[in-house]
Amino acid sequence: MNTPEMKQFTDLPYTRPDMEALKTAFKKAEQQFEAAHSAAEQIALIDEVQKLKSHYQTMQTLAEIRHSIDTRDGFYDTENTFFDESNPFYIEMTNSFNKKLLASSFRKELEKELGSHIFAMTELDMKVFSPSIMEDLAEENKLTSSYDKLIASAEIEFAGEKRTLAQLTPFMQDQDRATREKAAQAYYGFFAENEAEFDSIYDNLVKVRTRIAKKLGYKNFVQLGYDRMGRTDYNAEMVAAYRNQIYREIVPIAVNLRKRQAKRLGLERLYYYDEPLEYTTGNAIPHGNPDWILANAKKMYAELSPETDEFFTFMTSHNLLDVLAKKRKAAGGYCTTIPDYKAPFIFANFNNTQHDVEVMTHEAGHAFQAYQSRNARLLEYVWPTYEACEIHSMSMEFFTWPWMNLFFEEQTDKFRFTHLSGALLFLPYGVTVDEFQHWVYEHPEASPAERKAAWRSIEKKYLPERDYSDNDFLNRGGYWMRQGHIFSTPFYYIDYTLAQVCALQFWAKSLSNREMAWADYLRLCKAGGRDSFLKLVELANLKNPFKDGCIASVVPACTKWLNNINDTIL
Ligand code: ZN
C-alpha cells in the first residue's frame with residue numbers, strides 16, 4: 001500500500017467517506033473473491049479491501065481526534081455523529097466480506113501467507129454476532145450510556161461549590177484527615193443516593209447480556225464475554241487459577257504496603273478515606289510545565305534507544321501529541337493510529353501531577369508499539385488484544401525509570417516508590433473486579449442485594465485490610481458501582497493485571513540485564529497484533545502469567561527494591 005505523504009497533523013486532509021461508493025467497492029471485491037481461481041487472486045483482493053478499510057478508518061480517526069480536541073467544533077461534531085450512524089453499515093460490509101474469507105477454498109494458502117490469527121479472530125467476531133441480537137445490542141448500548149450519563153450528572157455540593165465526581169479527587173487526597181473523610185463521604189454519597197438506579201441499570205445489563213448469550217447458544221454470558229474480548233488462548237478456569245496466584249503471592253505484600261502507608265501518615269488505622277493520600281509531604285510532581293515535560297521526554301527518548309529516538313522525533317515533528325489541558329477538550333487520555341499515514345496519535349490532559357509523566361510514558365508505550373508494527377500487511381495486525389496492548393504501555397512506564405530524575409529531580413525515589421507500590425496494590429483490586437463479574441454472570445438471577453454481598457465477600461478476601469469505617473453503603477458492598485468497566489466492558493479489567501504482571505517481569509529483567517530486556521520488548525512491539533496473547537508473551541521471553549509460579553518469580557525483585565527505600569522520609 002502506498003503511504004500518502006506525511007504532513008503536520010493539522011494539515012492532514014479530511015473528507016467524509018462516500019458510503020454508497022464504499023458499499024459498491026466492498027460488494028465488487030466480495031464477488032471477485034468468491035469467483036477467484038487462486039489464492040494469489042484472493043490475496044490481491046484482501047489487499048484491496050485493506051485499502052478501503054484503511055481509508056475509512058483514517059477519516060473516522062481524524063474526525064474523532066479533532067472532535068476530542070475541540071468538542072464544540074461544529075464541523076467535527078457533525079462528522080463524529082456521521083460515523084456513529086455509519087458504523088453499523090460499515091461493520092455489515094466488513095462482516096459480509098469476512099464470511100467469504102472464512103469460507104475460502106484456498107484457506108490453507110491464505111493462512112500460510114497471512115498467518116492463522118486473522119482467521120481465529122474473524123471466527124470469534126462471527127460467533128459473537130447474529131442478526132437476531134440486534135435489538136438486544138441496542139438495549140445494551142443504551143444501558144451503558146445511561147450509566148455514563150448518570151455519572152456525568154453528578155453535581156455534588158462540596159466546599160461551597162457544586163462539583164463533579166472527578167473534581168472531588170483533590171479533596172479526597174487532602175492532607176487534612178477531616179477533609180478527606182468528608183470528601184469521600186460526599187463521593188460515595190452520590191452512589192448511595194442513586195443506588196437504586198445503579199442497581200437497576202446493572203440488573204438490566206446482566207439480564208440483556210444473559211439473553212444475548214443464550215440466543216447465541218452459550219450457557220451463560222461468561223464465555224461470550226471472553227469471546228467478545230477476542231481471547232483465543234485462555235479460559236475462565238485458567239483465570240481463576242491466576243487469581244489464586246495473586247491471592248497467595250501479592251495480597252500479603254499489599255497488606256504490608258498499606259501498613260507502611262499508615263506508618264508514613266502517622267495513623268493507627270488506615271481507613272478507606274486515607275488510602276488516596278500517600279505521603280504527608282504530598283505526592284511527587286513534575287518540576288515544570290507541559291512544554292518542559294515534552295522537552296525532557298524528547299531528551300529521554302533520544303537517549304533510551306535509536307528506535308525510541310526515531311519514533312518520538314516523528315511524533316513531535318508532525319505534531320502528533322495533544323497533551324495540554326484546554327477548555328472544550330474532552331477528558332482523559334488515549335492513543336490511536338491514523339492508518340493511511342501509519343501514524344500514531346497521543347491525546348492527554350496534563351494537570352501538573354505525577355500522573356502527567358505516567359500518562360505520557362504509558363501512551364507513548366502504546367504509540368511506540370503501533371509505530372513499530374505500522375507496516376503490518378493487515379490493519380488487524382497493528383494492535384493486539386487489550387491484555388497484550390497494555391504490556392507495551394505499562395512496560396514503557398518502567399523502561400523510562402532511569403530518566404525520571406529529569407522530571408522529578410530530588411523527588412525521583414518518591415515517584416518510583418509510588419509507581420512500583422501502586423502497580424502491586426492494583427493487582428488484588430483488579431482480580432476482585434474480575435472475580436465479582438464471574439460470580440455475577442454465573443448467577444444471573446441474583447438480586448442486587450445478593451450481588452453487593454458477593455462483592456463485599458470477594459473484597460474481604462483480596463483486600464483484607466480495607467476498612468470502610470461506619471460507611472453503610474460501602475460496608476454493604478457498593479464500591480464497585482464507581483468502576484465503569486463493570487458496566488461498559490465486562491471481563492476487560494483482568495487485562496490490566498495480566499499486563500502489569502508482564503510489565504513487572506520486564507522491569508525486573510531490566511534491572512539485571514537492560515539490553516536483553518529492551519531487545520525482548522522491541523521484538524514484542526514489532527510483532528504488533530499478529531498473534532494471540534500467550535504467543536506474544538512467549539515471543540517476548542516472558543513467563544506465562546497463568547503458569548503457577550509466574551507471579552512468585554517477580555516478587556523477590558519487587559520486595560527487595562521496596563525494602564531498600566526508607567519511605568518514612570519521602
Ligand atoms: Zn493503556
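R258 and E275 are both buried, where buried means under 20% relative accessible area, exposed means over 50%, and partly exposed lies in between, with a 1.4 Å probe and protein chains only. These two residues form a salt bridge whose closest N and O atoms are 3.3 Å apart, a salt bridge being a side-chain nitrogen of Lys or Arg within 4 Å of a carboxyl oxygen of Asp or Glu. The pair connects distant parts of the chain, since R258 sits in helix α12 and E275 in the loop between α12 and α13 (290–304), 17 residues apart. Helices here (H or I, at least four residues) and strands (E, at least two) are DSSP runs, numbered from the N terminus.

The model is a predicted one, in which local features need pLDDT of at least 70 and side-chain atom pairs count only at pLDDT 80 or more, while totals for chains, interfaces and linings use all residues. Residues are numbered from 1 along each chain as its sequence is written, and side-chain values use heavy atoms, with hydrogens and water left out.

By the salt-bridge rule, the count comes to 43. One of them joins the side chains of D136 and R211, at 3.1 Å from N to O. This pair, too, links distant parts of the chain, with D136 in helix α6 (residues 134–152) and R211 in helix α9 (residues 195–215), 75 residues apart. D136 counts as buried because its relative accessibility is 5%, whereas R211, at 35%, counts as partly exposed.

The salt bridge between R523 and D520, at 2.7 Å from N to O, lies within one helix: the two residues are three places apart in α23 (residues 514–527), so about one helical turn separates them. R523 is partly exposed at 32% relative accessibility, while D520 is buried, with a relative accessible area of 1%. Elsewhere, salt bridges that share partners join E195, D199, K452, D472 and R476 into one network.

In soluble globular proteins, nonpolar side chains tend to be buried together. A nonpolar core is a set of buried Ala, Val, Leu, Ile, Met, Phe, Trp, Tyr and Cys residues joined through side-chain atoms within 4.5 Å. The largest such core has 186 residues, of which Y202, F407 and F533 touch the most other members. Its largest share, 14 residues, comes from helix α18 (residues 412–442). Apart from this core lies another, of five residues, among them L265, L267, L270 and L277.

Helix α25 (residues 550–563) has C550, I551, V554, V555, C558, W561 and L562 as buried residues. The elements that cover them include α11 (236–249), α12 (251–265), α18 and α22 (494–512), with contact taken as heavy atoms within 4.5 Å.

R451, in helix α19 (residues 448–462), is buried with a relative accessible area of 1%. Leaving aside residues up to four places away in sequence, R451 touches Y202, D203, V206, F436, W439, V440, P444 and A446. Q354, located in helix α15 (residues 354–372), is buried at 7%, and its contacts, counted with the sequence neighbours up to four places away left out, are N283, A284, I285, P286, F408, F415, T418 and H419.

What spaces remain within the model? It holds one cavity of 30 Å³ or more. On a 1 Å grid over the protein atoms alone, a cavity is a set of points where a 1.4 Å probe fits but cannot get out, and a pocket is an open set with protein on both sides within 12 Å along at least five of seven lines, lining residues having an atom within 4 Å of a point. Grid points are joined across faces, edges and corners, and a volume is the space filled by probe spheres set on the points. The largest cavity contains about 30 Å³ of space, and its lining includes H117, R231, D233, E387 and F533.

The second largest pocket has a volume of about 210 Å³. The elements giving two or more residues to its lining are α1 (19–35) and α3 (74–102), and the largest share, six residues, comes from α1.
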